[in-house]
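Q: Hi! I have a chain open on my screen and would like to talk it through with you. Can we start with how the helices pack?

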Amino acid sequence: MTKTPGSAAPCSDVGDMIHTLHWPTPAAQQSRVVALRAAPPPELLVTCEPCVAQYQQKKKSGLSCGSQADEESLCSDSGFGGSPASSLGLSGCSSLGLSPSSSFEDEDEFNVNNEGKETPTQNDVEKNKNMVNWSPVVVPLNKRAPWVQVVGHAGNFQTAGDGKLLKKYCASEQQCLQHLMDDVLRPFVPSYHGVTRRDEQDYNLMDDLLSFFDSPCIMDCKMGSRTYLEEELKKAWKHPQPRKDMFEKMVAVDPEAPTPEEKVQQAVLKTRYMQWRETLSSTATLGFRIEGIKKSDGSCNTNFKRTKYKEEVVQALDDFVDSNVLLLTNYQQRLKELRLVLEKSDFFKTHEVVGSSLLFVHDQSGRAGVWMIDFGKTVSVPPPLTLDHRSPWVEGNREDGYLWGLDNFIDILTDMLAVQ
């Protein structure tokens, strides 16, 4: 596929990662890029625990859409508001992912930690706290957006002061975020500030992306052609046991999906269920799927499990931006910039990125931003293996289809703009 280069270089902080409707002149763009390159690197601080301003209690009145206790693993990022998302838990904007894991009720069945990896001990957590942290970038914050959780585990996210967000500690996600702070992808993920503790619970501390928007509209899109890791599939193959609960979930979605044999047994194998589940949505047809949308009026929609074809995705995207051509243009430009950086990223080429989401945020002022969130199921591949993220997945090659999905997303936005 022909790549379409973005016109702007990646920016160095969250404020600069937000596209506005007022486009600078080429000369202004060039001077801005030069100024950014000349700027000194952020100061490094060595701390045992990041200094967090007084925490704000999560308001019970905060909007919640479809949040279920068993819906997401703790490592899933989604959350409209916090930092990465597999569930839609949003608070500010850091990890808003409406979806990072899937919105299917059994998503916690596929948690990496439940698939053979040991849960980190308290000693491991304490060890990881003594780390080098980037000092937070001080950016004036406007009116804070209220906490919003669309899907996922209730309580996975907490808000902190100074535009920060707390997400329940997940060792694999922490490792990814630390690595990303030294990668070219850093401008496209929420800035990470280490591990902190609150009410006897450890949290990963990161920027609250939503804090830069006023009454934002939020969309969480899960990227890739599959939402389960190869190791999860391998383990399921090793211990094949017909599952009645998964049969019931399958029938609830599509009564005709089970085979005659499965109907007799009233059960399906986990491997069969995992692969069938991906065929229901645009994950299989386009390499991404919409997990949820929250509009500025507070309305939420997470009913996208059967949104499968391009025409349906176009309709959902048009509704998300209220047919605003400038917002579509800003999102298209941001995704083109992201694609250029992904193709250069050492982190990306050496990691299987599964269950990760793109968080789309805009508000009435015309500001718009896109960030990668939810890295709880992102794992490194054994060297010297590298991934191109476009090749079709065959068990063993670890390809996840992330760039294939991103290519399709950009093409859809381009087609939508062409008919405006």
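Q: In which hand does α10 pass α12, left-handed or right-handed?
A: Keep in mind that this is a predicted model. In it, α10 passes α12 in a left-handed crossing.

Q: And at what angle do helix α10 and helix α12 pack?
A: The angle is about 155 degrees, and the axes are 10 Å apart. Helix α10 covers residues 325-342, and helix α12 covers residues 402-418. Angles over 145 degrees count as roughly antiparallel, so α10 and α12 are roughly antiparallel to each other.

Q: Which residues make that contact?
A: From α10 there are Val325, Leu328, Thr329, Tyr331, Gln332, Leu335, Lys336, Leu338, Arg339 and Leu342. From α12 there are Tyr402, Leu403, Leu406, Asp407, Phe409, Ile410, Leu413, Thr414, Met416 and Leu417.

Q: How do the residues of the contact of α10 with α12 divide into nonpolar, polar and charged?
A: The contact of α10 with α12 has 14 nonpolar, 3 polar and 3 charged residues.

Q: OK, now α9. At what angle do α9 and α12 cross?
A: Helix α9, residues 310-320, crosses α12 at roughly 70 degrees, and their axes come within 11 Å. The range from 65 to 115 degrees counts as roughly perpendicular, so α9 and α12 are roughly perpendicular to each other. The crossing of α9 past α12 is right-handed.

Q: Which residues of α9 and α12 meet there?
A: Lys310, Val313, Val314, Leu317 and Asp318 of α9 meet Phe409, Ile412, Leu413, Asp415 and Met416 of α12. By class, the contact of α9 with α12 has 7 nonpolar and 3 charged residues, with no polar ones.

Q: Switching to loops: where is His389?
A: His389 sits in the loop between β16 and α12. With 1% relative accessibility, His389 counts as buried.

Q: Which residues does His389 touch, leaving out those up to four places away in sequence?
A: On that basis, His389 touches Phe348, Lys349, His351, Val353, Glu399, Asp400, Gly401, Tyr402, Leu403 and Trp404. The His389 side chain also reaches the backbone oxygen of Phe348 at 2.6 Å.

Q: How far apart are His389 and Glu352 in space, C-alpha to C-alpha?
A: They are 8.5 Å apart in space, while in sequence His389 and Glu352 are 37 residues apart.

Q: What about the peptide bond that joins Pro383 and Pro384, cis or trans?
A: A cis peptide bond joins Pro383 and Pro384, with omega about 5 degrees. Pro384 is in the loop between β16 and α12.

Q: Let's look at aspartates. Which side chain does Asp374 make a polar contact with?
A: The Asp374 side chain makes a polar contact with the side chain of Lys167, at 3.1 Å. Asp374 lies in the loop between β15 (368-373) and β16 (378-380). The relative accessibility of Asp374 is 1%, so Asp374 counts as buried.

Q: And Asp208, buried or exposed?
A: Asp208 is buried, with a relative accessible area of 0%. You will find Asp208 in the loop between β9 (201-207) and β10 (217-223). Asp208 and Leu165 are 43 residues apart in sequence, and C-alpha to C-alpha they are 4.9 Å apart in space.

Q: Why is helix α3 described as largely enclosed by the rest of the structure?
A: Because 7 of the 10 residues of α3 (residues 171-180) are buried. The buried residues are Ala171, Ser172, Glu173, Gln174, Cys176, Leu177 and Leu180.

Q: To zoom out, how many helices and strands does the chain have?
A: The chain has 12 helices and 16 strands. Of its 420 residues, 54% count as buried. Among contacts with a separation of 6 or more, 74% are between residues 24 or more positions apart.

Methods:
Residues numbered from 1 in each chain as written. Predicted model: local features only at pLDDT ≥ 70, side-chain atom pairs only at ≥ 80, totals over all residues. Heavy atoms only, no water. Helix = DSSP H or I, 4+ residues; strand = E, 2+ residues; numbered from the N terminus. Buried < 20%, exposed > 50% of the residue type's maximum accessible area, 1.4 Å probe, protein only. Polar contact = N/O pair within 3.5 Å; in protein donor to acceptor, adjacent residues only side chain to side chain. Axes fitted to C-alpha atoms, helices over the stretch in contact; angles between N-to-C directions. Parallel < 35°, antiparallel > 145°, perpendicular 65-115°, else oblique. Left-handed = near helix turned anticlockwise from the far one by under 90°. Contact = heavy atoms within 4.5 Å. Nonpolar A, V, L, I, M, F, W, Y, C, P; charged D, E, K, R; others polar.
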